[in-house]
Amino acid sequence: MEMSTRQAGAIYLKNLMYQSWATREDEPNRFSIHEHDRVLIRDTILDVIIQVPELLRTQLTVCLVTMLKHDFPGRWTNVVEKINAYLKSDNSTYWMAGIIGFSALIKAFEYHKADKSPIHAAVKVLLPSIYNVMVHLVNNTTAESVALQKTVIKSYFKLIQFTISSDLMERTTFTKWMELLSIIACSPVPEEVNRLEHSEIDQLPWWKIKKWTFHTMYRIFERYGSPGSVSQEYQQFAVFYVKTFSAGFIEIILRILDQYRNKVYIPPRVMQMCMHYLNQCVSIGHTWKMIKPHIAAIIQDVIFPLMCHSACDQELWETDPQEYISQKFDIFEDLISPVMAGQTVLHSACKKRKDILPKAVQFIVGVITSDDATPSQKDGALHMLGALADVIFKKDMYKDQVGSMLYQHVFPVFQSPHGHLRARACWFIQHICEIRIDNDNVWKDLATLCSNALLTDKELPVKVQAGLAVQALLIAENKVEQLLEPRIKEITLELLKVLQLTENDDITSVVQKVIATYYDKLAPIMYEICQNLAKTFLQVLQSDEMNDKKEITGMSILSCIETILSVNDEQPLTIAALEPIVLEVIVNIFNTPESGIEYYEEALNLVCDLTSLEVSNNMWNVLELIYRVFQNDGIDYFVDMMPCLHNYVTVGMENLIANENLMLIIFNMCKIVLSSESGEEAECHAGKLLEVIILQCKGRIDHCIPSIVELVLQRLVREIKSSELRAMCLQVIVAAIYYNPHLLFETLDKLQMSMSTNESISVHFIRQWLQDTDCFFGIHDRKLCVMGLLTLMALSPNRPI
């Protein structure tokens, strides 16, 4: 049978088991795999896993995890015994089944917060066997063996990433595993591996296992092994860890860094973990003594090269500047970046340990002023200086030198022929803004240089950094607002061009800041601004490559449009002019639910803004669109819809009364919410909307009152958990009393006739109302309660009760 057919079968089985392995008591009619078939699969899956090719093994391993999640320990009582038997087998072929079984068991309960005693008991049985297998495998450096070893180390990491059990902390056991980690961390990578492309090297098992090894070492040190910064239960263990293992691990890390110094390629994730470990060492006296003699060399020969503009950076800058910007502003990338990790070590050492900062500054200035330094090295020096700005310029010996430093070392860089250096100068300004600068000329020059870079530089990454510098200056110093004012229209339009080219979320926040600051000055071009933002948003919405970054950018653009509407909320003519532009955005969001659903909340906010002063004919069409969205699984967004629905009911009251279909839309939405399991928060909002309708339209919607009262009474007779919902439902009927008491009691009498109970609905309602008066909390609620009681008393002598 062809591999593609087998692979398709394995994927189908994986999906089938994910959906149908467990019997669901809440859905008894839903298909689930028969227990007879489950027993057969349990008995054979581990044997099959070791017999099939890797492509199929990956799918079957996911099946195994699904089975363990649902069946261990209750239905699959012998799985630990079976895995242990494979691990103890004399035939090394079976070790793979044992390792995969162990790994699947750990993965199945990785995030399990309930009783973990079954998994702890399983680990207690399996860990010694796993260790014995690792002892045999660790000297075997074939790709297959190293891949299995990586699976074990990754599983060990998962065991300790959140808590570490007393069994794992037992000193003999823990020491054996730490020695194993040390052996793996020190084991050489085959020579032929280093001749491959860097992107290939990162994916090979010899470096993957090192990544997980260093990750595990750092996690243990950071979470359990740092005296003074761990919880009380780990204090003794932390002291034991630092005194026993820190010297050995630090030595291993220094060896890795020495390889990096000697131009041996070290994968970024391994470098990142080494940097994280060193950063933890900085804070602890015992470990700081060990790394202190090396810290100057680490800063100069490891951290400095990491922070320099690399050849790869330059290649990407030249070939795809948009992708360069995307990578440099990716917050998720920062979390795994060795550059950010190295920067953190630099900052920690200079801030927490004396004598380090002066030496670092001396080195940085030496590079910046050197005629022999390359543009890349000058970039690295400015990068280091900016990263340390909050530490350096708060020291007495440096704080008076900010101005001279800018004029001597930073401002000239704005004229550099190298784009990456101009971008670094703009980046540097962002990090210096929080420092106190008393010289007005400095602020003037900062504003001029950054706005010029934004408006005249040809390189897109420079424009992005210049835009962010403009925002930083506006936030930091009030004087800058006036300095930028003469060119603010140019600046805003240029920012919009940059945003359209880059779809960069950070630039969106700059635009938002500029609009909020200069909304009166930008009034003449507000239409053009909104048009640009709408165009860029539709570009994002219709992108074939939608991802988290694009979604965030889209949300930021919508927030920016909302800012425009908010600052013009008292300008009805401006809002009316902007409405068609914003309407196109809203309609596109609601008409493309596949990608638009992520923006429903923001779109509803825009609808709210556009209906706050007046509801135009186009906006009534939007209500119908909202209703369609609501019917198509949009009920979860009812709470988000509430503000704009409130506007339709209050601002658009006349149209609502005149058009029965529009009133029916609002009523049907409330009816669906109050009749379904949508949650009591949404039901409270539905009740509130009905109350607003009754109070707003007093004397004009008699035909609607019976349906509203019947709906609310039906909800009152079902189980209600919160006093808020019960009070809200009572409040709707109280509003009906205030609206027209005779109509209400006539309605209740008609409902009485259709019910089998002998107790008067009117009597039951009033009794419940009086019992729950303490649940009417707000001033409005209490006022309505009093008005209802007064209306009742005014009916004498013809009261219904």
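Into which domains is the protein chain divided? In this predicted model, domain 1 covers residues 1–139 and domain 2 covers residues 143–288. The contact between them draws 17 residues from domain 1 and 19 residues from domain 2.

On the side of domain 1 that touches domain 2, helix 5 (95–108) and helix 6 (117–137) each supply at least two residues. Helix 6 gives the most to this side, with eight residues. By residue class, the side of domain 1 that touches domain 2 holds 12 nonpolar, two polar and three charged residues. Between domain 1 and domain 2 there are zero salt bridges, while four residue pairs are in polar contact, both residues of each pair being at pLDDT 80 or more.

Another part of the chain can be followed from a single residue. Leu484 lies in helix 26, which spans residues 479–484. Is Leu484 buried or exposed? Its relative accessible area is 3%, so Leu484 counts as buried, the cut-off being under 20%. Leaving aside residues up to four places away in sequence, Leu484 touches Ala447, Ser451, Val470, Leu474, Ile491 and Tyr518. Of these, Ser451 is 33 residues from Leu484 in sequence, and the C-alpha atoms of Leu484 and Ser451 are 7.8 Å apart in space.

Note on methods:
Residues are numbered from 1 along each chain as its sequence is written. This is a predicted model: local features need pLDDT of at least 70, side-chain atom pairs count only at pLDDT 80 or more; totals for chains, interfaces and linings use all residues. Side-chain values use heavy atoms; hydrogens and water are left out. Domain bounds come from an automatic or database domain assignment. Contact means heavy atoms within 4.5 Å. A salt bridge is a side-chain nitrogen of Lys or Arg within 4 Å of a carboxyl oxygen of Asp or Glu. A polar contact is a pair of N or O atoms within 3.5 Å; within protein, one must be able to donate a hydrogen and the other to accept it, and residues adjacent in sequence count only if both atoms are side-chain atoms. Helices (H or I, at least four residues) and strands (E, at least two) are DSSP runs, numbered from the N terminus. Ala, Val, Leu, Ile, Met, Phe, Trp, Tyr, Cys and Pro count as nonpolar, Asp, Glu, Lys and Arg as charged, and the others, Gly among them, as polar. Buried means under 20% relative accessible area, exposed over 50%, partly exposed in between (1.4 Å probe, protein chains only).
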